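Q: Please show me how to read a structure feature by feature, with the cut-offs stated as we go.

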Amino acid sequence: MTTVATPLTTPTAPTIGFIGIGHMCSSIVEGLIASGTDPRTIIISNRTLAKAEDFATRTGVQVAENNTDLIHAVGSGIVILGVKPQQMEALMEEIRESATQASSIIVSIAAGISLITLAQWAHSSQPIARALPNVAASVRQSMTGLAYNSNVTEQARNHISQLFTAIGRTQDIEDSQFSTFSAIAGCSPAFTFEFIDSLSRAAVKNGLAKKDANFIATQAVFGSALLALNSELSVADLSNTVQSPGGTTIAGVVEMEESGFRAAVLRGVQASINRDKELG
């Protein structure tokens, strides 16, 4: 039997609802629980009820039988919409009345759909936010972009920010910049995984075991990223500190530049930006 939670009344810990429990929402939920969020304050619904129930069994979250029940259970808390972009309009139409009546705060994590478009599918008073986390949410290291419409109060903005801070870092950005943010934060984990795998394969070519090469390359990239986050130097200046005149690093950097490394990254990012705009 499915259960629906009673909405919390304390403004410092609103109930959180997730409509759709695909890979991204699953990562967010798991990250929230790992950071100390009580799973009983999380309610999920999904087109396939059995999938939601299986996830609830593993995590301790609660399940609503349908999206309307979830909205009523969450009440004035946060409802994260985790469906595909092409399903968003129908979902907004489905929950439009109940979300307004319950004073729910709607947060979309769909790529390519602007706040303006979301607002067109909702009542004029509906608080709506956009959030774009990435797959590192499951290890609490997401880079999440946030934007809000004018109906979202300062208190609600703080709640949303706190929610996503529990799974990494956040950055408020203009809604118009989400396509660019998506490319360098949402898509870039795949680019980074490809880079790590390329480093690893080069090491295997030269005799290192694949498992060892993966570990070494991954830790090296992680350490470099951590250094960049904590350094007062720009990433370009940090790169220069590693490139001794006539040394091994500068030899590799020049070779990659001549092979089009930087240009390939620029083209890849632009292709992702263009595709995000097409989805919108």
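**Strands and sheet**

A: Strands 6 and 7 are joined by four bridges and run antiparallel. Two strands count as paired if DSSP finds at least two bridges between them. Strands (E, at least two residues) and helices (H or I, at least four) are DSSP runs, numbered from the N terminus. Within this pair, Ala 129 has Tyr 148 in strand 7 as its bridge partner.

Q: What kind of model is this, and what do the values rest on?

A: This is a predicted model, in which local features need pLDDT of at least 70 and side-chain atom pairs count only at pLDDT 80 or more, while totals for chains, interfaces and linings use all residues. Residues are numbered from 1 along each chain as its sequence is written, and side-chain values use heavy atoms, with hydrogens and water left out.

Q: What is the order of the strands in the sheet?

A: The sheet is open, has eight strands in the order 3-2-1-4-5-6-7-8, and its pairing is mixed. Strand 3 (62-63) and strand 8 (168-172) are the edge strands, each pairing on one side only. The protein has twelve helices and eight strands in its secondary structure.

Q: Which way does strand 4 run relative to strand 5, parallel or antiparallel?

A: Strand 4 and strand 5 (residues 105-108) run parallel and are joined by four bridges. Ile 80 stands opposite Val 107 of strand 5. Strand 1 (residues 16-19) also pairs with strand 4 in the parallel sense, over four bridges, and there Ile 16 has Ile 78 as its bridge partner.

Q: Which hand does the β-α-β unit have?

A: A crossover is right-handed if, with the strands pointing away from the viewer, the path from the first strand over the helix to the second runs clockwise. Strand 4, helix 4 (residues 88-102) and strand 5 make such a right-handed unit.

Q: Where do the side chains of strand 4 point?

A: In strand 4 (residues 78-81), Ile 78 and Ile 80 point one way, Val 79 and Leu 81 the other, and all are buried. Buried means under 20% relative accessible area, exposed over 50%, and partly exposed in between (1.4 Å probe, protein chains only). Of the 280 residues of the protein, 40% count as buried.

Q: Why does Ser 182 count as buried?

A: Ser 182 counts as buried because its relative accessibility is 8%. Ser 182 is placed in helix 7 (residues 178-186). Apart from neighbours within four places in sequence, Ser 182 is in contact (heavy atoms within 4.5 Å) with Leu 132, Cys 187 and Asp 276.

Q: What do the buried residues of helix 7 pack against?

A: An α-helix has 3.6 residues a turn, so residues three or four places apart point the same way. The buried residues of helix 7 are Phe 178, Ser 179, Phe 181, Ser 182, Ala 183 and Ala 185. They pack against strand 6 (128-132), strand 7 (142-148), helix 8 and helix 12.

Q: Which residues form the nonpolar patch on the surface?

A: The patch consists of Phe 195, Leu 199, Met 256, Phe 261 and Val 265, with about 400 Å² of accessible area together. Helix 8 (188-205) and helix 12 (261-279) each give two or more residues to the patch. Accessible areas come from the Shrake-Rupley method with a 1.4 Å probe, and for residues only the protein chains shown count as cover. Phe 261 lies in helix 12 and is partly exposed, at 38% relative accessible area.

Conventions:
Patches are made of residues with over 30% relative accessible area and no salt bridge: like charges are joined within 9 Å, nonpolar side chains (Val, Leu, Ile, Met, Phe, Trp, Tyr) within 5 Å. A salt bridge is a side-chain nitrogen of Lys or Arg within 4 Å of a carboxyl oxygen of Asp or Glu.
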